[in-house]
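I opened a new model today and took notes as I went. The entries follow the order in which I looked things up.

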Amino acid sequence: MGLLIDGEWRSAPPAQGDSGDFVRQTSTFRHQVTADGSSGFKAAPGRYHLYVSRACPWCHRTMIYRVLKRLENIISISYVEPLMLEQGWTFPAAEPLTGARYVYELYQQADPLFTGRATVPVLWDKESHGIVNNESSDIIRILNTEFDEITHEFTNYYPEALAGEIDEVNSRVYDTINNGVYRAGFAPTQAAYETAVRQVFEGLDWAEERLRRQRYLIGDLVTEADWRLFPSLVRFDAVYYGHFKCNFRRIRDYSALSAYLRDLYQVPGIAGTVAVDEYKTHYYGSHRGINPTGIIPLGPVLDFTSPHGRDTAFASNITASVTALHVPEEESTVEVPAFKPTGSAAE
């Protein structure tokens with residue numbers, strides 16, 4: 001684990017606040033891709049590339065949206081190795097677009113004097129040979145709407161009428177669960193750990209109660225709020241329960257949450273974004289301050305394929321559009337042009 005200081009890679013521990021709490025870095029690159037190109041980055045087939053880790057829950061959001069919005073042939077993707085050690089996120093081999101071996105080298109190429117952590121996901125522009133955005137919450141909203149006219153996939157997971165409620169739920173889920181498990185896992189003091197882990201389960205208990213009354217977090221329609229919670233839930237029993245010591249209860253001990261997790265997992269295409277073995281390899285193998293031996297547990301045995309019953313219990317169809325903006329009469333095939341980036345270290 002490390003960071004760049006004035007473009008130079010240096011080893012560094014996770015950031016901590018004055019009280020000893022784990023502090024997450026604020027994302028730096030926040031450019032937008034727009035359908036009309038008014039932002040300077042126009043949505044176009046073949047122009048953009050995602051750099052992700054299958055192990056990372058923030059990356060997982062973007063992987064999910066790439067599938068849900070039918071962008072697999074529009075936005076290319078590269079995966080780093082699950083272990084993150086002295087050199088940070090590492091590619092299996094020299095990355096074809098840029099020649100980078102490590103993610104921090106992408107940041108050096110984008111800004112030779114960059115200071116900060118070299119995080120993923122990264123949305124890369126092949127045309128300008130730079131980083132468009134490295135904030136997952138921005139990226140999923142870009143993917144949610146800006147390529148619709150290209151893919152003809154108009155399902156909107158952040159409809160304007162529900163935006164306020166989605167934002168409120170997102171904030172609560174982020175503070176208590178998404179980031180809460182990290183504050184518990186990386187806590188350097190007993191007090192910081194106990195505060196964080198209690199908040200994690202306050203968040204899970206709140207979500208459990210909400211999901212007993214309705215199929216999804218915002219009611220009868222699957223929204224962004226659900227896809228931001230899902231990556232944390234699918235990792236919880238495998239890594240957060242043991243490695244991060246969030247061990248009051250497992251997700252399987254919650255009747256509504258466990259069925260809801262299976263409900264989302266069984267959406268077409270989502271299972272292919274889940275990689276439990278990589279989760280365990282990353283967390284147990286990378287965080288040597290927490291797990292000095294690097295031993296990776298064989299268990300637990302998890303099954304996300306058993307019936308969930310929430311479709312009949314709530315008489316809702318997860319494949320229905322959140323907002324029926326447009327339903328094309330027939331499927332269309334999108335041709336992706338061959339794209340040769342300028343200044344690339346490799347073809």
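**Entry 1: cis peptide bonds.** I started at P300, in the loop between α10 and α11 (310-313). The model is predicted, and I kept that in mind throughout. I checked the bond that joins G299 and P300 and found a cis peptide bond. Its omega is about 0°. Then I looked up P121, which lies in the loop between α2 (103-110) and β5 (122-125). The peptide bond from V120 to P121 is cis too, with omega near 10°.

**Entry 2: a backbone angle.** Next I turned to R70. This residue sits in the loop between α1 and β4 (76-79). I noted a positive phi of about 60° there, although R70 is not a glycine.

**Entry 3: helix α1 against α3.** I moved on to helix packing. Two packed helices are described by the angle between their axes and the distance between the axes. How do α1 and helix α3 (residues 136-145) cross? Their axes come within 9 Å and cross at roughly 5°. That makes α1 roughly parallel to α3, because angles under 35 degrees count as such. I listed the residues that meet. From α1 they are W58, R61, T62, Y65 and R66. From α3 they are S136, S137, I139, I140, L143 and N144. I sorted this contact by class and got five nonpolar, four polar and two charged residues.

**Entry 4: helix α8 against α9.** I then followed α8 (224-240). What angle does α8 make with helix α9 (residues 255-265)? The axes cross at roughly 110° and come within 10 Å. The range from 65 to 115 degrees counts as roughly perpendicular, and α8 and α9 are therefore roughly perpendicular to each other. On the α8 side I wrote down D226, W227, L229, F230, L233 and V234. They meet L257, Y260, L261, L264 and Y265 in α9. By class, the contact of α8 with α9 has ten nonpolar residues, no polar ones and one charged residue.

**Entry 5: helix α8 against α10.** I stayed with α8 and looked up helix α10 (residues 276-286). These two pack at an angle of about 50°, with their axes 9 Å apart. α8 and α10 are therefore oblique to each other. I recorded the crossing of α8 past α10 as right-handed. α8 brings V234, R235, A238, V239 and Y240 to the contact. α10 brings V276, Y279, K280, Y283 and Y284. I classed these residues as eight nonpolar, no polar and two charged.

**Entry 6: the cavity.** How many cavities of 30 Å³ or more does the structure hold? I found one. The largest cavity has a volume of about 30 Å³. Which residues line the largest cavity? I noted P57, W58, R61, N178, R228, P231 and S232. Helices α1 (57-68) and α8 each supply at least two residues of this lining. By class, the lining has three nonpolar, two polar and two charged residues.

Conventions:
Residues are numbered from 1 along each chain as its sequence is written. This is a predicted model: local features need pLDDT of at least 70, side-chain atom pairs count only at pLDDT 80 or more; totals for chains, interfaces and linings use all residues. Side-chain values use heavy atoms; hydrogens and water are left out. On a 1 Å grid over the protein atoms alone, a cavity is a set of points where a 1.4 Å probe fits but cannot get out, and a pocket is an open set with protein on both sides within 12 Å along at least five of seven lines; lining residues have an atom within 4 Å of a point. Grid points are joined across faces, edges and corners, and a volume is the space filled by probe spheres set on the points. Helices (H or I, at least four residues) and strands (E, at least two) are DSSP runs, numbered from the N terminus. Ala, Val, Leu, Ile, Met, Phe, Trp, Tyr, Cys and Pro count as nonpolar, Asp, Glu, Lys and Arg as charged, and the others, Gly among them, as polar. Axes are lines fitted to C-alpha atoms, for helices over the stretch in contact, and angles run from 0 to 180 degrees between N-to-C directions. Angles under 35 degrees count as roughly parallel, over 145 as roughly antiparallel, 65 to 115 as roughly perpendicular and the rest as oblique. A crossing is left-handed if the near helix is turned anticlockwise from the far one by less than a right angle, and right-handed if clockwise. Contact means heavy atoms within 4.5 Å.
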